[in-house]
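Here are my notes on this one, written for someone new to reading structures. Have a look at the model first, then go through the points in order.

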Amino acid sequence: MAKEGDVLLKVEDVRVELGGRKILDGVSFEIKDRTRPGVTTGQIVALLGPSGVGKTTLLRSLAGLDTPTSGRILGEKDVPLAPGSVGVVFQNYPLLRHRTLLDNLVVAGGIAGLNKSKATDQAKALLQRFGLAEQHRHFPSQLSGGQRQRAAIAQQLMHQRQLLIFDEPFSGLDPAALVDVVEMLVEVANMHDTNTLIIITHDIRAALLCSDLVFMMGRNFSPEGKPISGASIKRTYDLVERGLAWHPHIEQDPRFGALELEIKSAFRSL
Ligand SMILES: Nc1ncnc2c1ncn2[C@@H]1O[C@H](COP(=O)(O)OP(=O)(O)OP(=O)(O)O)[C@@H](O)[C@H]1O
Ligand SMILES: [Mg+2]
(Lines give C-alpha, C1' and ligand atoms only; values in the text may rest on other atoms or scores of the structure.)
(Ligands and ions follow the chains in the order given, each with its own letter.)
Protein backbone atom coordinates (compact mmCIF):
# COMPACT_ATOMS: atom_id res chain seq x y z
CA MET A 1 0.00 0.00 0.00
CA ALA A 2 1.51 3.32 -1.05
CA LYS A 3 1.44 6.19 1.40
CA GLU A 4 1.63 9.97 1.18
CA GLY A 5 4.89 11.03 -0.40
CA ASP A 6 5.82 7.62 -1.84
CA VAL A 7 7.34 8.00 -5.27
CA LEU A 8 5.10 6.43 -7.95
CA LEU A 9 7.16 7.40 -10.98
CA LYS A 10 10.74 8.57 -11.16
CA VAL A 11 12.33 9.77 -14.38
CA GLU A 12 16.09 10.15 -14.04
CA ASP A 13 18.18 12.10 -16.51
CA VAL A 14 16.52 10.66 -19.60
CA ARG A 15 18.13 11.34 -22.96
CA VAL A 16 16.61 10.29 -26.27
CA GLU A 17 18.34 10.61 -29.63
CA LEU A 18 16.40 10.03 -32.84
CA GLY A 19 17.96 10.00 -36.28
CA GLY A 20 21.24 11.23 -34.79
CA ARG A 21 19.54 14.24 -33.16
CA LYS A 22 19.26 14.82 -29.44
CA ILE A 23 15.55 15.29 -28.75
CA LEU A 24 15.46 14.92 -24.95
CA ASP A 25 18.40 15.66 -22.71
CA GLY A 26 18.34 15.69 -18.92
CA VAL A 27 14.64 14.99 -18.42
CA SER A 28 14.11 14.35 -14.70
CA PHE A 29 10.99 14.47 -12.56
CA GLU A 30 9.12 12.60 -9.88
CA ILE A 31 5.46 11.95 -9.27
CA LYS A 32 4.55 11.23 -5.64
CA ASP A 33 1.49 9.70 -4.08
CA ARG A 34 -0.82 12.29 -2.62
CA THR A 35 -3.50 11.54 -0.11
CA ARG A 36 -6.36 13.43 1.43
CA PRO A 37 -7.95 12.05 4.59
CA GLY A 38 -11.13 10.11 3.90
CA VAL A 39 -11.05 10.34 0.09
CA THR A 40 -9.35 8.38 -2.64
CA THR A 41 -7.28 10.73 -4.73
CA GLY A 42 -5.20 9.68 -7.70
CA GLN A 43 -2.67 11.95 -9.33
CA ILE A 44 -3.15 13.98 -12.49
CA VAL A 45 -0.07 15.54 -13.99
CA ALA A 46 -0.11 17.79 -17.03
CA LEU A 47 2.81 18.01 -19.41
CA LEU A 48 2.88 21.26 -21.35
CA GLY A 49 5.32 22.40 -23.98
CA PRO A 50 5.60 23.91 -27.44
CA SER A 51 4.95 21.86 -30.54
CA GLY A 52 7.90 19.71 -31.56
CA VAL A 53 9.67 19.99 -28.19
CA GLY A 54 9.53 16.24 -27.48
CA LYS A 55 6.39 15.50 -25.46
CA THR A 56 5.27 12.51 -27.54
CA THR A 57 8.88 11.30 -27.57
CA LEU A 58 8.84 11.30 -23.77
CA LEU A 59 5.48 9.48 -23.78
CA ARG A 60 6.98 6.76 -25.98
CA SER A 61 9.81 6.22 -23.51
CA LEU A 62 7.48 6.22 -20.50
CA ALA A 63 5.19 3.69 -22.19
CA GLY A 64 8.13 1.44 -23.07
CA LEU A 65 7.55 1.88 -26.82
CA ASP A 66 11.11 3.28 -27.16
CA THR A 67 14.15 2.78 -24.99
CA PRO A 68 15.87 6.00 -23.94
CA THR A 69 19.47 6.43 -25.13
CA SER A 70 20.37 6.87 -21.47
CA GLY A 71 18.68 7.52 -18.14
CA ARG A 72 16.18 5.54 -16.09
CA ILE A 73 12.42 5.32 -15.70
CA LEU A 74 11.34 3.71 -12.44
CA GLY A 75 7.99 2.92 -10.86
CA GLU A 76 7.09 2.34 -7.23
CA LYS A 77 9.93 1.22 -4.96
CA ASP A 78 12.45 2.06 -7.69
CA VAL A 79 11.41 -0.97 -9.77
CA PRO A 80 11.66 -0.35 -13.54
CA LEU A 81 8.22 -0.13 -15.15
CA ALA A 82 7.17 -3.50 -16.55
CA PRO A 83 6.45 -3.65 -20.28
CA GLY A 84 2.72 -3.21 -20.84
CA SER A 85 2.15 -1.64 -17.43
CA VAL A 86 1.49 1.79 -18.88
CA GLY A 87 -1.71 2.57 -20.80
CA VAL A 88 -1.61 5.13 -23.58
CA VAL A 89 -4.47 6.98 -25.22
CA PHE A 90 -3.06 8.31 -28.47
CA GLN A 91 -4.44 11.36 -30.14
CA ASN A 92 -5.70 9.36 -33.10
CA TYR A 93 -7.88 7.09 -30.95
CA PRO A 94 -6.94 3.49 -31.71
CA LEU A 95 -10.52 2.24 -32.03
CA LEU A 96 -11.03 -0.49 -34.60
CA ARG A 97 -13.07 1.03 -37.42
CA HIS A 98 -14.91 -2.11 -38.42
CA ARG A 99 -16.10 -2.96 -34.91
CA THR A 100 -18.85 -1.46 -32.81
CA LEU A 101 -18.05 0.52 -29.71
CA LEU A 102 -19.01 -2.40 -27.47
CA ASP A 103 -16.91 -4.83 -29.54
CA ASN A 104 -13.93 -2.48 -29.37
CA LEU A 105 -14.04 -2.58 -25.58
CA VAL A 106 -14.59 -6.34 -25.47
CA VAL A 107 -11.55 -6.87 -27.73
CA ALA A 108 -9.45 -4.68 -25.39
CA GLY A 109 -10.70 -6.76 -22.44
CA GLY A 110 -9.66 -9.94 -24.23
CA ILE A 111 -6.16 -8.55 -24.75
CA ALA A 112 -6.09 -7.74 -21.04
CA GLY A 113 -6.85 -11.41 -20.29
CA LEU A 114 -10.59 -11.24 -19.46
CA ASN A 115 -12.93 -13.91 -20.76
CA LYS A 116 -15.68 -12.82 -23.13
CA SER A 117 -18.51 -12.63 -20.60
CA LYS A 118 -16.45 -10.75 -18.01
CA ALA A 119 -15.16 -8.39 -20.72
CA THR A 120 -18.72 -7.75 -21.96
CA ASP A 121 -19.99 -6.98 -18.45
CA GLN A 122 -17.13 -4.62 -17.77
CA ALA A 123 -17.47 -2.94 -21.18
CA LYS A 124 -21.18 -2.32 -20.64
CA ALA A 125 -20.54 -0.92 -17.17
CA LEU A 126 -17.90 1.47 -18.51
CA LEU A 127 -20.08 2.63 -21.39
CA GLN A 128 -22.90 3.27 -18.95
CA ARG A 129 -20.66 5.15 -16.57
CA PHE A 130 -19.28 7.42 -19.26
CA GLY A 131 -22.55 8.21 -20.99
CA LEU A 132 -22.00 6.02 -24.05
CA ALA A 133 -24.52 3.22 -23.43
CA GLU A 134 -26.86 4.46 -26.15
CA GLN A 135 -24.05 4.38 -28.70
CA HIS A 136 -22.81 0.87 -27.90
CA ARG A 137 -23.76 -0.46 -31.35
CA HIS A 138 -22.23 2.50 -33.20
CA PHE A 139 -19.07 2.23 -35.23
CA PRO A 140 -16.28 4.72 -34.43
CA SER A 141 -17.13 6.80 -37.53
CA GLN A 142 -20.64 7.27 -36.12
CA LEU A 143 -19.37 8.90 -32.92
CA SER A 144 -18.63 12.57 -32.28
CA GLY A 145 -15.07 13.62 -31.46
CA GLY A 146 -15.89 13.91 -27.76
CA GLN A 147 -17.63 10.53 -27.72
CA ARG A 148 -14.66 8.96 -29.49
CA GLN A 149 -12.29 10.47 -26.96
CA ARG A 150 -14.33 9.11 -24.05
CA ALA A 151 -14.57 5.74 -25.80
CA ALA A 152 -10.77 5.64 -26.21
CA ILE A 153 -10.37 6.33 -22.49
CA ALA A 154 -12.94 3.65 -21.62
CA GLN A 155 -11.06 1.25 -23.91
CA GLN A 156 -7.87 1.78 -21.88
CA LEU A 157 -9.80 1.19 -18.65
CA MET A 158 -10.60 -2.36 -19.76
CA HIS A 159 -7.05 -3.01 -18.64
CA GLN A 160 -6.30 -2.14 -15.02
CA ARG A 161 -3.19 -0.03 -15.06
CA GLN A 162 -1.86 2.48 -12.58
CA LEU A 163 -0.21 4.76 -15.09
CA LEU A 164 -2.18 6.13 -18.00
CA ILE A 165 -0.83 8.67 -20.47
CA PHE A 166 -3.04 10.75 -22.72
CA ASP A 167 -1.65 12.56 -25.75
CA GLU A 168 -3.75 15.66 -26.47
CA PRO A 169 -7.04 14.39 -25.04
CA PHE A 170 -8.72 17.78 -25.44
CA SER A 171 -8.03 18.52 -29.08
CA GLY A 172 -11.08 19.04 -31.25
CA LEU A 173 -13.54 19.12 -28.35
CA ASP A 174 -16.18 21.80 -27.90
CA PRO A 175 -16.28 23.46 -24.44
CA ALA A 176 -19.03 21.15 -23.13
CA ALA A 177 -17.33 17.97 -24.40
CA LEU A 178 -14.05 19.23 -22.92
CA VAL A 179 -15.66 19.55 -19.48
CA ASP A 180 -17.03 15.99 -19.86
CA VAL A 181 -13.58 14.63 -20.66
CA VAL A 182 -11.98 16.61 -17.79
CA GLU A 183 -14.55 15.18 -15.36
CA MET A 184 -14.00 11.69 -16.73
CA LEU A 185 -10.24 11.99 -16.26
CA VAL A 186 -10.68 13.17 -12.67
CA GLU A 187 -13.03 10.25 -12.04
CA VAL A 188 -10.57 7.76 -13.55
CA ALA A 189 -7.70 9.16 -11.47
CA ASN A 190 -9.71 8.94 -8.26
CA MET A 191 -10.71 5.30 -8.77
CA HIS A 192 -7.56 4.30 -6.91
CA ASP A 193 -5.04 6.07 -4.69
CA THR A 194 -2.03 5.18 -6.79
CA ASN A 195 -3.65 5.85 -10.15
CA THR A 196 -1.59 8.36 -12.05
CA LEU A 197 -2.63 10.13 -15.23
CA ILE A 198 -0.18 12.11 -17.33
CA ILE A 199 -1.92 14.46 -19.72
CA ILE A 200 -0.02 15.95 -22.61
CA THR A 201 -1.71 19.04 -23.90
CA HIS A 202 -1.38 22.50 -25.44
CA ASP A 203 -4.50 23.61 -23.62
CA ILE A 204 -3.21 25.41 -20.53
CA ARG A 205 -6.67 26.06 -19.17
CA ALA A 206 -7.80 22.44 -19.48
CA ALA A 207 -4.50 21.30 -17.95
CA LEU A 208 -5.09 23.55 -14.94
CA LEU A 209 -8.69 22.42 -14.64
CA CYS A 210 -7.85 18.81 -13.96
CA SER A 211 -4.25 18.46 -12.81
CA ASP A 212 -2.52 18.80 -9.48
CA LEU A 213 0.96 19.15 -10.92
CA VAL A 214 2.07 20.81 -14.15
CA PHE A 215 5.41 20.19 -15.84
CA MET A 216 6.56 22.50 -18.55
CA MET A 217 8.98 21.19 -21.11
CA GLY A 218 11.26 23.48 -23.10
CA ARG A 219 14.38 23.60 -25.23
CA ASN A 220 17.75 23.53 -23.51
CA PHE A 221 20.04 26.56 -23.56
CA SER A 222 23.77 26.85 -23.13
CA PRO A 223 25.09 28.86 -20.17
CA GLU A 224 25.60 31.72 -22.65
CA GLY A 225 21.89 31.63 -23.46
CA LYS A 226 22.11 30.03 -26.92
CA PRO A 227 19.55 27.33 -27.81
CA ILE A 228 21.16 23.88 -27.94
CA SER A 229 19.75 20.53 -28.97
CA GLY A 230 17.67 18.62 -26.49
CA ALA A 231 14.74 19.52 -24.25
CA SER A 232 13.96 18.96 -20.58
CA ILE A 233 11.50 19.95 -17.84
CA LYS A 234 11.94 23.67 -17.27
CA ARG A 235 9.28 24.51 -14.72
CA THR A 236 7.03 22.74 -12.25
CA TYR A 237 3.80 24.20 -10.88
CA ASP A 238 2.27 22.52 -7.85
CA LEU A 239 -1.44 23.28 -7.86
CA VAL A 240 -2.10 21.58 -4.53
CA GLU A 241 0.42 23.84 -2.80
CA ARG A 242 -1.27 26.81 -4.42
CA GLY A 243 -4.71 25.72 -3.20
CA LEU A 244 -5.79 24.96 -6.76
CA ALA A 245 -6.31 21.19 -6.70
CA TRP A 246 -9.41 20.24 -8.68
CA HIS A 247 -12.77 21.20 -7.18
CA PRO A 248 -16.02 22.34 -8.79
CA HIS A 249 -15.91 25.91 -10.18
CA ILE A 250 -12.17 26.14 -9.64
CA GLU A 251 -11.92 28.41 -12.68
CA GLN A 252 -13.75 31.11 -10.74
CA ASP A 253 -10.91 31.34 -8.20
CA PRO A 254 -8.87 34.49 -9.01
CA ARG A 255 -5.66 32.52 -8.33
CA PHE A 256 -6.65 30.20 -11.18
CA GLY A 257 -6.69 33.05 -13.71
CA ALA A 258 -3.44 34.43 -12.28
CA LEU A 259 -1.66 31.09 -12.68
CA GLU A 260 -3.03 30.69 -16.20
CA LEU A 261 -1.47 34.05 -17.14
CA GLU A 262 1.80 33.16 -15.40
CA ILE A 263 2.06 29.90 -17.36
CA LYS A 264 1.14 31.61 -20.65
CA SER A 265 3.90 34.12 -20.21
CA ALA A 266 6.41 31.43 -19.18
CA PHE A 267 5.39 29.51 -22.31
CA ARG A 268 6.35 32.44 -24.50
CA SER A 269 9.82 32.55 -22.98
CA LEU A 270 10.57 28.90 -23.87
N1 LIG B 1 11.31 8.89 -35.42
C2 LIG B 1 11.87 10.10 -35.42
N3 LIG B 1 13.07 10.32 -36.03
C4 LIG B 1 13.65 11.53 -36.00
N5 LIG B 1 13.12 12.60 -35.39
C6 LIG B 1 11.95 12.45 -34.77
C7 LIG B 1 11.25 11.20 -34.75
N8 LIG B 1 10.10 11.35 -34.05
C9 LIG B 1 10.07 12.65 -33.67
N10 LIG B 1 11.17 13.31 -34.08
C11 LIG B 1 11.51 14.71 -33.83
O12 LIG B 1 11.55 14.89 -32.43
C13 LIG B 1 11.07 16.19 -32.08
C14 LIG B 1 10.02 16.04 -31.01
O15 LIG B 1 8.86 15.43 -31.55
P16 LIG B 1 7.58 15.11 -30.67
O17 LIG B 1 6.60 14.42 -31.53
O18 LIG B 1 8.02 14.41 -29.43
O19 LIG B 1 7.08 16.58 -30.29
P20 LIG B 1 5.80 17.03 -29.45
O21 LIG B 1 6.28 17.87 -28.32
O22 LIG B 1 4.97 15.86 -29.13
O23 LIG B 1 5.06 18.00 -30.50
P24 LIG B 1 3.48 18.25 -30.75
O25 LIG B 1 3.03 19.15 -29.64
O26 LIG B 1 3.48 18.96 -32.07
O27 LIG B 1 2.80 16.92 -30.77
C28 LIG B 1 10.58 16.83 -33.36
O29 LIG B 1 11.55 17.74 -33.79
C30 LIG B 1 10.45 15.67 -34.33
O31 LIG B 1 10.72 16.10 -35.63
MG1 LIG C 1 3.06 15.23 -29.72
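The points below go from the overall picture to a few single residues.

1. A word on the model. This is a predicted model, where local features need pLDDT of at least 70, side-chain atom pairs count only at pLDDT 80 or more, and totals for chains, interfaces and linings use all residues. Residues are numbered from 1 along each chain as its sequence is written, while chains are lettered from A and ligands numbered from 1 in the order in which they are written.

2. The overall build. The protein chain has seven helices and nine strands (DSSP runs, H or I of at least four residues for helices and E of at least two for strands, numbered from the N terminus). Its radius of gyration is 19 Å, close to the 18 Å from the globule rule for 270 residues, so the chain is as compact as a globular protein of that length. (The radius is taken over C-alpha atoms, and the rule is 2.2 Å times the number of residues to the power 0.38.) Along the principal axes, the C-alpha atoms fill a box of roughly 60 × 45 × 40 Å.

3. Contacts along the chain. Take the contacts between residues at least 6 apart in sequence: 70% of them join residues at least 24 apart. Two residues are in contact if their C-beta atoms, placed from the backbone, lie within 7 Å.

4. Strand 1 and its partners. Strand 1 (residues 7–18) runs antiparallel to strand 2 (residues 21–32), with eight bridges joining them; strands count as paired if DSSP finds at least two bridges between them. L18 sits opposite R21 in strand 2. Two residues lie between the strands of this hairpin, and G19 has a positive phi near 55° there. Strand 1 also pairs with strand 4 (residues 70–74), again in the antiparallel sense, over four bridges, and here R15 faces S70.

5. Around ligand 1. Which residues surround ligand 1? They are L18, G19, I23, G49, S51, G52, V53, G54, K55, T56 and T57, where near means a C-beta atom, placed from the backbone, within 6 Å. Helix 1 (residues 55–62) gives the largest share of this shell, three residues.

6. One residue to look up. D167 lies in strand 6 (residues 163–167). The C-alpha atoms of D167 and T236 are separated by 19 Å, with the two residues 69 apart along the chain.
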